[in-house]
Amino acid sequence: MRAGRRVTELRVALTVADFDQALAFYRDALRLEQAADWSSESGRVVLLEAGRATIELLDEAQSGVVDAIEAGRRVSGPVRLALEVTDSEDTARQLVAAGAEQVAAPVTTPWGDRNARVRAPDGMQLTLFTAV
């Protein structure tokens with residue numbers, strides 16, 4: 001490890017057109033715990049806890065491979081959220097019921113996870129994965 005400052009938190013900031021819909025989706029349907037509400041007269045902002053954070057870097061070729069495995073075709077943009085959950089298929093069903101779009105049927109990946117791909121109402125693609 002290099003000397004110096006170290007990152008202590010990864011925070012993904014999503015700007016959404018429909019705040020109430022996004023809050024209901026991420027907090028209530030996905031069950032992310034609300035950690036803070038910093039809303040004011042100037043705008044709305046809520047911080048949601050999402051467990052341990054990592055950054056996964058993929059080149060274009062590997063991103064295409066992952067899309068092909070999970071969705072059968074190239075569908076994701078430069079950012080896709082991957083969330084480890086206890087039951088990816090059940091979580092995907094709950095999120096679809098809450099307004100997400102199922103991108104593809106769940107699959108078992110070559111690396112042994114059970115993955116389900118959905119598109120949140122705000123357009124963000126989510127990979128829900130469960131270690132098998």
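A residue counts as buried here if its relative accessible area is under 20%. Keep that cut-off in mind as you look at this predicted model: of the protein's 132 residues, 33% count as buried. The accessible surface comes to about 8,900 Å², and 50% of that belongs to carbon and sulfur atoms. If you draw a box around the C-alpha atoms along the principal axes, you get roughly 45 × 45 × 25 Å.

Now for the parts list. The protein has three helices and six strands.

Four strands make an open sheet in the order 3-6-5-4, with mixed pairing. Strand 3 (81-84) and strand 4 (101-108) sit at the edges with a single partner strand each, so one side of each has no neighbour in the sheet. Go from one strand to the next and the twist averages 20°.

What holds such strands side by side? Strands of a sheet pair through backbone hydrogen bonds, either parallel or antiparallel. Strand 5 (residues 113-119) and strand 6 (residues 125-131) go for the antiparallel sense, over seven bridges. If you find N115, you can look across to F129 in strand 6, which stands opposite. Helix 2 (residues 60-71) packs on the sheet, touching strand 4, strand 5 and strand 6, and its direction makes about 90° with that of strand 4.

Next, look at the largest nonpolar core, which has 18 residues. Which of them touch the most other members? They are F25, Y26, L95, V118, L126 and L128. Helix 1 (19-29), strand 3, helix 3 (88-97), strand 5 and strand 6 each supply at least two residues of this core, and the largest share, four residues, comes from helix 1.

To see how these pieces meet, zoom in on L126. Leaving out residues up to four places away in sequence, L126 touches F25, Y26, L81, L83, L95, A116, R117 and V118. Zoom back out to the whole protein: of the contacts with a separation of 6 or more, 49% are between residues 24 or more positions apart.

Conventions:
Residues are numbered from 1 along each chain as its sequence is written. This is a predicted model: local features need pLDDT of at least 70, side-chain atom pairs count only at pLDDT 80 or more; totals for chains, interfaces and linings use all residues. Side-chain values use heavy atoms; hydrogens and water are left out. Two strands pair if DSSP finds at least two bridges between them. Axes are lines fitted to C-alpha atoms, for helices over the stretch in contact, and angles run from 0 to 180 degrees between N-to-C directions. Contact means heavy atoms within 4.5 Å. A nonpolar core is a set of buried Ala, Val, Leu, Ile, Met, Phe, Trp, Tyr and Cys residues joined through side-chain atoms within 4.5 Å. Buried means under 20% relative accessible area, exposed over 50%, partly exposed in between (1.4 Å probe, protein chains only). Accessible areas come from the Shrake-Rupley method with a 1.4 Å probe; for residues, only the protein chains shown count as cover.
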